[in-house]
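Here are my notes on the model, for someone opening it for the first time. Please read them with the structure in view.

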Amino acid sequence: MSYELIAILMFSSMMLMLMTGQRVFGAIGGIASIAALTLWGTGGSDIPFSAAMKVMKWYPMLTLPMFIFMGYVLSESRLADDLYKMFHVWMGPINGGLAIGTIGLMVLISAMNGLSVAGMAIGATIALPELLKRGYDKRMVTGVVQAGSSLGILVPPSVVLVLYAMIARQPVGQLWLAGILPGLMMAGLFILYIYIRCRIQPELGPALSEEDVSSVPRAEKIRLLRSGLLPLTIFASMMVPFLNGWTSLVESSAIGALAAFIAAVLKGRMTREVFETSTRMTLAISCMFMWIVLAALGFGAVFDGLGAVKAIDNLFTEQLGLDPWVILILMQLSFLLMGTFLDDTAMLVIVAPLYVPLVKVLGFDLIWYGVLYTITTQIAYMTPPFGYNLFLMRAMAPPEIGIKDIYSSIIPFVLVMLGSLILIMVFPQIAMWLPNYVYGK
Amino acid sequence: QAPIKWRLQTYSGAPLGAHVIKPQIEAFNKAANGEMEIELFYADQLVPTGELFRALQNGTLDAVQSDDATMASPADISDFGGYFPFSSRYSLDLPVLFNRYGLNEIWQEAYDDIEGVEWLGAGAWDPLHIFTTEKKIESLDDMRGLRVFGVPTAGRFLSRYGMIPVTVPWEDVEVALQTGELDGVAWCGFTEAYEVGWADICKYALLNNVTGAWCGSYFANSDSWAKVPPHLQELFKMSMDQSHYYRQVWYWGGEADLRVNGDKLELSTIPAEEWETVVGDAAGFWDELASRNERSARVIEIFKKYRDTMQKAGVPYRY
Amino acid sequence: MLKIATTYVRVVDRVNYVLGRIMMYSLFAMIAILLWSTISKQMFVVPSYWTLEMAQFALVAYYLVGGPYSIQMGSNVRMDLFYGEWSDRKKAWVDSFTVLLLIFYLGVLLYGGIDSTRYSLEYNERAPTLWRPLLWPVKTVMCFGIFMMLLQAVSELIKDIAKLREVEL
Ligand SMILES: NC(=[NH2+])NCCC[C@H](N)C(=O)O
Ligand code: NA
Ligand code: NA
């Protein structure tokens with residue numbers, strides 16, 4: 001069988017199986033196993049398991065449960081309540097201020113966990129009801145929470161960047177640093193959008209009334225400012241020893257998990273129930289990720305060993321003979337397209353191994369590309385029909401917010417994200433300046 | 001007739017593989033003229049390095065290029081693959097040991113005992129130096145507590161000076177150096193350190209070398225090997241020799257050049273008297289291994305005989 | 001027949017539930033190991049060299065043995081582009097076919113696992129690290145986790161069939 005045929009066969013049957021709604025790892029692993037048994041020849045049956053040994057040896061994997069745990073502790077224990085109040089009283093008086101404050105809140109939450117679920121949960125339970133009560137437009141606020149929470153995977157720590165690092169074999173530390181400025185820039189653009197929009201249509205985000213504002217005494221306002229120290233402390237407890245080389249990546253992640261836990265205990269929020277839920281959900285989400293990674297690594301090895309990777313390389317570089325930038329843009333577009341219906345981890349572990357070597361050959365920087373990939377994933381989370389954040393939002397939103405609202409709420413934000421994507425493509429320095437500065441290139 | 005297809009996985013990552021094996025495979029494929037085609041895969045690409053041996057035995061892979069120790073070969077002489085402390089001083093020592101002093105026969109014997117795997121031959125690679133990111137090594141004491149990416153046997157030997165050899169997948173070494181998981185590498189000589197970019201991250205290089213040459217081998221799955229007609233078997237063995245020769249030149253020339261003209265690493269040495277103690281300790285290590293089994297005893301016997309001969313031969317063999 | 005099926009589902013689900021509940025707390029074992037690694041680096045010149053591998057073993061047990069419980073919790077994502085819209089009955093219908101693919105995968109995984117464990121035992125395989133731990137224990141745990149996952153997948157199949165036949169298990 002020709003390489004091209006194998007590539008097409010394996011890929012399309014996997015897609016088909018994914019469409020039937022079986023668990024993603026089952027579909028990927030199943031197709032990989034069938035191909036291994038039928039096409040590999042002797043010894044093919046050992047490949048799926050040897051992928052498990054690969055996963056074991058890849059030590060940054062250990063950070064996954066840690067970062068996930070941090071997120072759940074944060075949202076379950078409602079540690080962020082004070083943070084929300086802080087933004088509330090300080091930003092409330094301007095038009096759209098609460099929405100802007102929510103973005104700020106999301107940035108801080110992003111610095112304390114590796115996924116976007118935590119931000120989503122906090123946004124949907126704390127911010128959403130408050131904002132609706134104050135007469136904010138429901139599409140505006142739903143969009144704000146979804147877009148803001150997606151920063152969780154761009155601002156370090158980030159589970160997606162850790163997974164990308166595994167596939168692309170790039171230093172996690174540099175990737176994290178590379179995510180910071182783009183994350184902040186994107187947050188800034190969200191804020192800019194909200195500000196301008198509410199300038200034009202003040203009814204979308206009414207300012208807090210005079211009495212609302214003065215009901216909070218000045219001392220309380222100052223006290224609330226201090227609550228902003230919590231995320232900074234947690235972030236620093238991980239990042240400072242890490243960047244100084246005192247602790248390794250995985251050790252830092254354990255420190256982060258511990259720090260979040262201690263913070264919750266000190267604030268008296270670590271109830272039995274919070275503890276149980278956080279621990280259980282960490283297992284659930286970690287298993288989801290790791291089984292997909294396991295299955296996809298097996299798929300990748302079979303795909304590669306059967307020569308299918310060559311077929312793809314060949315197609316992009318030789319047969320189409322395209323300009324590097326055109327190829328890069330095509331790859332981004334294909335990610336965006338796939339992201340509308342494919343799980344992001346599956347997308348990463350299956351497609352990135354094909355793209356990453358190509359990106360390298362074309363002479364692009366893989367750290368920078370990791371940022372592009374992450375933003376694409378963020379967009380994928382929010383675009384129908386398949387998007388985690390959409391699902392989460394649907395599950396967590398109060399009843400007055402319908403599915404239509406949820407879908408249309410993301411449009412302006414997705415446009416802003418696309419804009420950021422383009423900005424970072426045109427000005428790679430936005431991503432690369434910080435890591436180059438810190439690692440002194 | 002359809003060509004015979006092989007999957008060969010090497011211990012090395014792509015940048016290194018470009019020198020240590022790729023030219024060979026390309027030449028072989030061309031010379032085989034469509035009768036046989038070897039597909040080359042790099043470190044951990046199909047199978048993680050720890051599983052290499054079993055994958056070879058089962059036929060998941062048809063052939064492997066690696067040292068016995070790294071691929072965790074179950075042969076009782078596997079400790080002597082890779083870097084074995086002070087077994088050689090120069091890269092030419094190794095082929096001499098194998099071809100003139102009887103190591104070939106011992107290896108052959110050892111692998112005849114193991115089912116499913118054919119040992120095809122060994123060759124020399126580069127010397128072993130220690131490269132570090134933060135700590136300059138100027139005495140044995142400076143080694144204490146350093147986590148280094150290291151090959152198994154030499155790593156175990158160095159651990160008596162407090163050095164901690166850590167194994168991570170080859171592709172991840174660069175990352176691990178940057179994340180602080182590793183403080184250095186004790187895995188190669190200058191040529192590789194520069195070639196694969198570790199010299200960019202490490203600051204210091206220790207000139208004292210624990211071994212003169214890494215000892216790597218080629219292996220094939222027995223069934224896969226048996227299916228190859230004699231003339232292609234011969235061709236493959238010739239291509240192995242071609243690869244050995246390529247490396248001799250590349251490493252020997254590169255090492256000297258980079259020590260003198262390379263500017264990425266600051267050089268340091270451990271004072272001669274102190275280093276003598278290390279050489280002395282190696283004798284104990286040798287005896288320890290000799291007591292493991294009869295075959296190992298024979299290998300050590302040969303090392304000793306060779307060392308004596310070389311010392312007596314004097315300049316330029318030994319100084 | 002029905003009785004066997006009922007017992008099977010009950011026993012498997014129960015055992016996997018208990019295993020999962022135990023595994024989910026092993027998260028703290030991992031945290032502890034990594035913290036010890038951090039501390040030992042500051043305290044001793046030569047830090048503990050077994051920590052990373054030990055943590056890796058723990059992680060393997062965590063997700064493989066904890067896997068069946070994650071299936072029970074329904075946390076393994078599906079692409080619900082179409083699936084999400086279907087009725088429960090239709091889901092059960094399609095699932096009872098597609099789950100065979102999952103079962104097949106787990107079977108191949110298990111086969112490779114057993115083979116690899118057998119090899120470890122035969123040659124007394126050790127990790128080529130300074131610590132040199134024997135590898136058969138962790139591989140045995142892996143096989144066990146995969147095996148329990150397989151049992152869980154079969155249990156899911158039985159539950160789907162029961163749903164289609166409208167019988168109570
Ligand atoms: N591969 C996945 N299943 N990813 C789920 C994570 C999505 C989610 N929005 C998050 O970032 O937290
Ligand atoms: Na984050
Ligand atoms: Na999407």
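1. Chain A and chain B bury about 2400 Å² between them, with 48% of that on carbon and sulfur atoms. Buried area here is the accessible area (1.4 Å probe) that two parts lose on being put together, summed over both. Chain A brings 30 residues to this contact and chain B brings 27. Contact means heavy atoms within 4.5 Å. On the chain A side, A:Trp40, A:Tyr59 and A:Arg169 supply 25% of the area buried against chain B, more than any other three residues.

2. A word on the basis. This is a predicted model, in which local features need pLDDT of at least 70 and side-chain atom pairs count only at pLDDT 80 or more, while totals for chains, interfaces and linings use all residues. Residues are numbered from 1 along each chain as its sequence is written, chains are lettered from A and ligands numbered from 1 in the order in which they are written, and side-chain values use heavy atoms, with hydrogens and water left out.

3. Now chain C against chain A. These two chains bury about 5800 Å² between them, 76% of it on carbon and sulfur atoms. The contact draws 61 residues from chain C and 64 residues from chain A. In chain C, the residues that lose the most area to chain A are C:Tyr63, C:Met79 and C:Tyr105, together 14% of what that side buries.

4. Which way do α2(B) and α11(B) run relative to each other? Helix α2 (residues 22–31) and helix α11 (residues 230–261) of chain B pack at an angle of about 150 degrees, their axes 9 Å apart. α2(B) and α11(B) are therefore roughly antiparallel to each other. Angles under 35 degrees count as roughly parallel, over 145 as roughly antiparallel, 65 to 115 as roughly perpendicular and the rest as oblique. Axes are lines fitted to C-alpha atoms, for helices over the stretch in contact, and angles run from 0 to 180 degrees between N-to-C directions. Helices (H or I, at least four residues) and strands (E, at least two) are DSSP runs, numbered from the N terminus.

5. The crossing of α2(B) and α11(B) is right-handed. A crossing is left-handed if the near helix is turned anticlockwise from the far one by less than a right angle, and right-handed if clockwise. From α2(B), the contact uses B:Pro23, B:Gln24, B:Phe28 and B:Ala31; from α11(B), its residues include B:Leu232, B:Phe236, B:Met240 and B:Tyr246. The contact residues divide into eight nonpolar, four polar and no charged. Ala, Val, Leu, Ile, Met, Phe, Trp, Tyr, Cys and Pro count as nonpolar, Asp, Glu, Lys and Arg as charged, and the others, Gly among them, as polar.

6. Chain A has its own helix pair to check. Helix α9 (residues 159–168) of chain A packs on α19(A) at an angle of about 135 degrees, with the axes 10 Å apart. That makes α9(A) oblique to α19(A). The crossing is right-handed. A:Val160, A:Leu161, A:Tyr164 and A:Ala168 in α9(A) meet residues of α19(A), among them A:Leu366, A:Tyr369 and A:Tyr381.

7. The buried residues of α23(A) pack against α10 (172–200), α19 (366–382) and α22 (411–426) of chain A. In α23 (residues 429–438), the buried residues are A:Ile430, A:Ala431, A:Met432, A:Leu434 and A:Pro435. Buried means under 20% relative accessible area, exposed over 50%, partly exposed in between (1.4 Å probe, protein chains only).

8. A:Met238 sits in helix α13 (residues 229–243) of chain A. A:Met238 counts as buried, at 1% relative accessibility. Beyond its neighbours within four places in sequence, A:Met238 is in contact with residues including A:Phe67, A:Pro157 and A:Gly256. A:Pro157 belongs to the loop between α8 (138–149) and α9 of chain A. The peptide bond from A:Pro156 to A:Pro157 is cis, with omega near -5 degrees.

9. Look also at B:Asn33. Its phi is near 55 degrees, a positive value in a residue other than glycine. B:Asn33 counts as exposed, at 66% relative accessibility.
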